[in-house]
Amino acid sequence: MPRLRRGESLWLHGRKVAPVRAPALAGHHRADLAIVGGGITGCAAAHQLASAGARVVLIEAARIGRGSTAASTALLMQEPDADFGDLAGRHGASGARQAWEASRLAVRSLIRTLKRLPGAPQVEARPSIYFTQREELVAALKKELAARHRAGIAGEWLTAEGLRRIAGVAAAGGILTRGNAQVDPYAACMAFARAAQRAGAQLHEHSKARVIRQRGGGVEIDTGRARLSAPWVVIATGYATPEFRPLAGRFRMSDTYVVATRALARRARAAVGLRGVMLWDTERPYHYARWTPDHRLLFGGHDQPHKRKTTPATIDRRISALLAERNDLFPGARDIDCEYAWEGLFATTPDGLPYIGTHRHYPRHLFALGYGGNGMTFGFLAAQIIARHVRGRVRPADTLFRFNRA
């Protein structure tokens, strides 16, 4: 199983967030719901279902919150990775609008939930700007905004002058979207984990699901040291692990890179130029940038197809390439080194939407896989959909994320 994160993540090394206490599972346990995976999806689902009275047991192969969640840049974005026009081409304008609305509502719900969870990190509202530096792409970006407007999705066009004034970048044009936010992903995951425990959920680290068997209308999970039986199991691993190899062909695995500066003084921030917005561009793979609450410039991108073995020298080259791309966009950052740099692994699907729900070849399993670059939003949305499924309250829009969608 590939590692979900390498390098020094700002969220783990630059913050003082106490990890949750979650001893390894031992013995034989029964639950109403078993969850495999201790990232944002698993912990949020455990919190929601335990709060509703379900007996929940979550197992994590390594450490809770220290996989792809700790590699995240934690942009709470309502826009999926795929453009609205591309989604409409696959699922029709109505299907694309429903997917965007589901994402928008998930962001709003996640913000509300974090604001009331004890010990949760501060959530900062930030508008986002989807922009291009290339004049030849301006017409296509305006067409994308027009398609959104026809579907009732809000957004404002920014000219080159507007981008300089609002974002502090030199670009040809962009779309401003309000209602997005940023948060510390590891601290958010820990807040959900502790809330799940307070609600009665059992959380266990260093408890790898080695075998999952169907047993008497439910499932039985063997970790080597323990057995866990439940009517349902949630697979919240982010991508198809080797136990589900037949599903792997549905995903494209990519390595992504992130750099963060030291905390910058006002003069240094002014020299960089970026204002109080979150940026992402139309390049593929795209880049994104924002300021953290403690005034660090966070910049990510330079995604590469995942290979089984990537040497430290290759990672260093890719980080250097990412820094060069950052400096091209922000010339004022050329003399500012990165204090943290890390690599993360993520999975994308052909249409840019995650797979959430059941699969006909795996009875009594609920999957939450393939979030792309929108892990916090889609991870929380997956937790909501799974909780509704278990409680028998599935909504029509939930079917947009099923495996057998068109």
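1. Leaving aside neighbours within four places in sequence, His365 is in contact (heavy atoms within 4.5 Å) with Ile212, Val219, Trp232, Val233, Ile235, Phe244, Gly357, Thr358 and His359. His365 sits in strand E22, residues 362-369; helices (H or I, at least four residues) and strands (E, at least two) are DSSP runs, numbered from the N terminus. With a relative accessibility of 4%, His365 counts as buried; the cut-offs are under 20% relative accessible area for buried, over 50% for exposed and partly exposed in between, with a 1.4 Å probe and protein chains only. A polar atom of the His365 side chain is 2.8 Å from the backbone oxygen of Pro363. That is a polar contact, meaning a pair of N or O atoms within 3.5 Å; within protein, one must be able to donate a hydrogen and the other to accept it, and residues adjacent in sequence count only if both atoms are side-chain atoms.

2. A word on what you are looking at. This is a predicted model, in which local features need pLDDT of at least 70 and side-chain atom pairs count only at pLDDT 80 or more, while totals for chains, interfaces and linings use all residues. Residues are numbered from 1 along each chain as its sequence is written, and side-chain values use heavy atoms, with hydrogens and water left out. The average pLDDT (the predictor's confidence in each residue, from 0 to 100) is 93, and 98% of the residues score at least 70. Please treat residues 1-5 with care: pLDDT stays under 50 there, and the model has 21 contacts beyond four places in sequence for them.

3. Next, the interior. In soluble globular proteins, nonpolar side chains tend to be buried together.

4. Helix H7 is worth a visit. H7 covers residues 185-198 and has 14 residues, reaching 20 Å from first C-alpha to last, close to the 20 Å expected; that expected span is 1.5 Å times one less than the number of residues. Is H7 mostly covered or mostly open? It is mostly covered, with 11 of its 14 residues buried, among them Tyr186, Cys189, Met190 and Phe192. The cover includes helix H1 (10-13), helix H2 (40-51), helix H3 (68-71), H4, strand E11 (202-204) and helix H10 (375-390). At the start of H7, a side-chain oxygen of Asp184 comes to within 3.1 Å of the backbone nitrogen of Tyr186. Just after H7, Gly200 has a positive phi of about 110 degrees.

5. Strand E7, residues 128-132, is largely enclosed by the rest of the structure, because five of its five residues are buried. Ser128, Tyr130 and Thr132 lie on one side, with Ile129 and Phe131 on the other. E7 is joined to strand E9 (residues 173-177) by five antiparallel bridges, and Ile129 stands opposite Leu176 there. Four bridges join E7 to strand E17 (residues 278-281) in parallel, with Ser128 opposite Met278. Strands count as paired if DSSP finds at least two bridges between them.

6. Finally, some backbone details to check. Most residues other than glycine have a negative phi, and most peptide bonds are trans. His206, in the loop between E11 and strand E12 (211-215), has a positive phi of about 50 degrees and counts as exposed at 51% relative accessibility. His295 has a positive phi near 70 degrees and counts as partly exposed at 34%. Arg284 and Pro285 are joined by a cis peptide bond, with omega about 5 degrees; Pro285 lies in the loop between E17 and strand E18 (288-291).
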